[in-house]
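Morning, everyone. Let me put the model up, and then I'll walk through a few side chains.

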Amino acid sequence: MDIISGLSDELLIKILLYVPTKVAVSTSILSKRWEYLWMWLPKLDYRSRYNSRSERKLLGCFLDKNLPLHRAHVIESFRLDLRNSNLRPESIKMWVVIAVSHCLRELEIIYDSYPVKPNILPSNLYTCKSLVILKLEGDILLDVPRVAFLPSLKTMHLRSVRFPDDEESLQRLLSNCPVLEDLLVDLRENDSTGKLTVVFPSLLSLSLFIPDTHDIDGIVIETPSLKYFKLKDHNQKIHYCLVENMPNLIEADVDVELPYINSVVGSITSVKRLSICSEAYDQGFVFNQLEHLEICMCKEHSSDLLVRLLRDSSNLQTLDLVEMEYHEEFGDLEYWNQPSTVPECVLSTLQTLDWSVYKGTPGERDIVVYILKNAVHLRTMTICSREMDVQRQLEMIKELELSSRASTTCQLVFD
């Protein structure tokens, strides 16, 4: 301990950053030298779950007493996990006020309470000039004041947060983040938004999740610099989706059940990597840069979507046939309407096929046999079977092993 205590305060603080905040605080009992050292920590992480009511109460008392005395000029990050909280909203609001006063750069709060007490954010948060990252999740009310401006904010993740009754609060927040690059909005179930408008010249990553019970009129997206786009929309209410072209898009993840798929597809044709679960889109789109395609095979017409994308993706190299998490398959694929002409990518560029939900139905077998027969440059085909019957598995393997192959170097792997 004498050797460690001989180190400078600056070096000791750096050492304390490598341990949980709770542990760093406990070093205050070691000696007078250590008593207040943790108060210079630039990163405060209270995300460890405080499971019991007494633990949560102790955390509240500790922060009420010690956070006002914190000595670091800049708080680089302040993280709180307050699930199942019985803490006073006024206390949480004051902690955020104090953190903001220390040139806060990152704020992350996970919060829910019973009874619901969502008003925990102070108004000065919405004018914090130093804030770069904001992540909020749970029963947190975003009642954005009319005077709001976050000039440094680059990352904002909002998961199941609450908004006032009108749509203006969210739009006001979005429109006052001029350099935002990464936006995630996971709308709350059994809530309403009206029209969701995302217009950002600088945005690079956008993830939108629209739950089935959320009341929404429509979505408007204009993000010309976007490189990553994720849209999950299983909403039961018919609504419009207007998406402007995204010429710089590299990767997209699209999981939608509504008929506006053409608007989405038309805006993502520049992608190199695409994950999709949807009904087939109309003709007229070309994915000439697409190299890696993942298709969810849970829908009745997923095989039609497969054919359409094979035709429209002349440079495709990797094809993954999957079933996305929490998706339920429609039934067995008994028939596959194969292309009248072999798609260009199958003849010239396709190198890898992975099928992770293969059951060996006639339609699935026809797809595999077709790829083996025509994919000249195929290197690896990996089949992961769901068949539990060992004898049936062996029959499936033998059937595919005996299929003709256009590629003399193709390895057929059964996982």
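**Salt bridges and one histidine**

Start with Glu 108: buried, at a relative accessible area of 14%. Buried here means under 20% relative accessible area, exposed means over 50%, and partly exposed is in between, with a 1.4 Å probe and protein chains only.

Quick caveats. This is a predicted model, where local features need pLDDT of at least 70, side-chain atom pairs count only at pLDDT 80 or more, and totals for chains, interfaces and linings use all residues. Residues are numbered from 1 along each chain as its sequence is written, and side-chain values use heavy atoms, with hydrogens and water left out.

Back to Glu 108. Its side chain meets that of Arg 79 in a salt bridge, 3.5 Å from N to O. The rule is a side-chain nitrogen of Lys or Arg within 4 Å of a carboxyl oxygen of Asp or Glu. Arg 79 lies in strand β2 and Glu 108 in strand β3, residues 106-113, so the pair ties together parts 29 residues apart in sequence. Strands are DSSP runs of E, at least two residues; helices are runs of H or I, at least four; numbering starts at the N terminus. Arg 79 is buried too, at 16%.

Next, Glu 401 and Arg 405. They form a salt bridge at 3.8 Å, N to O. Glu 401 is partly exposed, at 39%. Arg 405 is also partly exposed, at 30%. As for networks, shared partners join Arg 79, Glu 106 and Glu 108 into one.

Last, His 70. Where does His 70 sit? In the loop between α5 (53-66) and β2 (77-85). His 70 is buried, at 5% relative accessibility.
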